[in-house]
Amino acid sequence: IFLDLADDHRQVVRITADGWSLITSDTCPIKFLRPTGMLPLPVPTRNGSLIDLRPLMNLPNNADWIAAVAWLVGTLKTNQPQPVLAVTGEQGAAKTTTVTLLRKTVDPNICSARRPPKDEGDLFIAANKGLVVSLDNLSGLPGWLSDALCTLATGGGIAKRKLYSDDEEVIISARRPIVLNGISDIASRPDLLDRSLCIHLVAIPDANRRTETDIENEFKQLHPGILGALLTAVSCGLRNLANTKLNKLPRMADFAKWVVACEPALPWEQGAFLRAYEANRAGAHSAALEASPVATIIIDYMQSHDSWAGSMTDLLKLLTQLTGVTPAAWPKSARGLSGAIERCRPALRATGIEIHDIGVEPRTNRHCIRIIKRLAASNIEATTDATGGASPPPPNMFPRSL
């Protein structure tokens with residue numbers, strides 16, 4: 001992995017399974033882009049720790065701290081799907097400061113936290129101008145932006161008609177780590193939640209509040225050591241990845257396996273990440289279910305039933321009767337119900353409720369399903385053999401890191 005420091009000396013960090021070192025651009029096989037707004041990284045040192053970052057951010061919860069550092073480790077592994085870090089909390093919880101420090105650690109920019117784009121084109125253009133996409137102070141996400149962020153996290157692109165032409169396209173593709181912040185649950189759609197790490201910040205007591213200037217000055221002093229510790233963890237991941245095994249692959253499996261491979265060099269005991277990740281995923285599933293009135297009614301019904309079978313039309317009638325007062329977002333047809341169930345099916349499965357397709361009923365020619373209540377899925381475990389080799393560098397070009 002190569003990381004461009006973007007400094008005046010044109011230095012690049014080369015990270016391998018054996019460690020990391022500084023090289024110059026004329027000896028680097030990669031020619032990096034330096035878009036407008038990109039700021040230089042400091043020259044990393046070997047005398048710091050990722051723990052030095054924690055007092056600067058409002059992350060008292062260990063699981064949230066682990067999630068934030070795991071996301072940070074994932075940012076430098078650019079050839080895999082990237083999780084979305086969704087940071088929420090009330091006013092005065094230092095959400096913007098936390099998000100800004102995380103981005104500055106690997107991708108400092110003149111505008112570290114941006115307002116949301118107007119359309120998908122603007123989002124993908126912004127993504128191609130830096131390593132990290134950071135959106136600030138969100139009040140929910142419209143459906144199109146939620147879908148676009150899903151595409152950007154796992155990799156994809158858009159095509160637009162080339163200016164002053166009739167039949168030629170401009171294709172913009174990207175895959176980027178994303179960090180969002182807002183007061184309420186900004187990632188509410190199940191498909192985005194399924195790709196997200198969600199952390200919640202609590203309000204900072206007045207006695208513990210610090211000025212941004214103090215935090216910025218301390219971060220500048222600690223940044224070289226923090227970056228060096230991150231590079232050491234990435235090198236550890238390259239060394240261990242080929243021999244890291246998870247007995248059960250979670251969603252965002254490549255990311256989870258990568259963090260486990262890096263874990264021997266991270267500031268917590270081995271195995272803590274998967275425990276925190278599983279708890280975070282459970283919280284995301286709960287949020288997805290709470291945001292879906294259909295899922296809520298299905299869960300209530302299945303508390304007193306072991307199974308149910310029938311068509312979507314039959315299920316819509318049953319659930320509508322159980323609601324009493326029909327919510328505004330309630331599906332208007334069997335097809336609408338089918339879509340709502342499809343979106344929340346993974347979250348329902350995590351609670352022990354499985355939905356199976358059982359084919360077309362010959363008499364009515366309606367598609368039928370069966371809902372079954374089962375036990376929740378078992379925990380995820382992992383093993384790492386520290387004798388593994390390095391993974392090959394990704395083939396496509398990025399600003400800042402490749």
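The exercises below concern a cavity, a helix face and a histidine in a predicted model.

Residues are numbered from 1 along each chain as its sequence is written. In this predicted model, local features need pLDDT of at least 70 and side-chain atom pairs count only at pLDDT 80 or more, while totals for chains, interfaces and linings use all residues, and side-chain values use heavy atoms, with hydrogens and water left out.

**Exercise 1.** Determine which helices supply the lining of the largest cavity, and its class make-up.

*Solution.* Begin with the lining, which consists of Ile 298, Tyr 301, Met 302, Trp 308, Leu 315, Leu 318, Leu 319 and Ile 371. Next, assign the elements: helix 9 (293–302) and helix 10 (312–323) each supply at least two of the lining residues. Finally, sorting by class gives eight nonpolar, no polar and no charged residues.

**Exercise 2.** Find the buried residues of helix 3 (buried: under 20% relative accessible area, 1.4 Å probe, protein chains only) and explain why they line one face.

*Solution.* The buried residues of helix 3 (residues 120–127) are Gly 121, Leu 123, Phe 124 and Ala 127. Viewed down the helix axis, these residues fall within an arc of 160°, taken from the directions from the axis to the C-beta atoms, and they therefore line one face. They pack against strand 5 (133–138), helix 4 (143–154), strand 6 (156–161) and strand 7 (169–174).

**Exercise 3.** Describe the surroundings of His 223.

*Solution.* His 223, placed in helix 6 (residues 212–240), is buried, with a relative accessible area of 7%. Its side chain reaches the backbone oxygen of Lys 104 at 3.3 Å. Leaving aside neighbours within four places in sequence, His 223 is in contact (heavy atoms within 4.5 Å) with Leu 41, Pro 42, Lys 104 and Thr 105.

Technical notes:
On a 1 Å grid over the protein atoms alone, a cavity is a set of points where a 1.4 Å probe fits but cannot get out, and a pocket is an open set with protein on both sides within 12 Å along at least five of seven lines; lining residues have an atom within 4 Å of a point. Helices (H or I, at least four residues) and strands (E, at least two) are DSSP runs, numbered from the N terminus. Ala, Val, Leu, Ile, Met, Phe, Trp, Tyr, Cys and Pro count as nonpolar, Asp, Glu, Lys and Arg as charged, and the others, Gly among them, as polar. Buried means under 20% relative accessible area, exposed over 50%, partly exposed in between (1.4 Å probe, protein chains only). A polar contact is a pair of N or O atoms within 3.5 Å; within protein, one must be able to donate a hydrogen and the other to accept it, and residues adjacent in sequence count only if both atoms are side-chain atoms.
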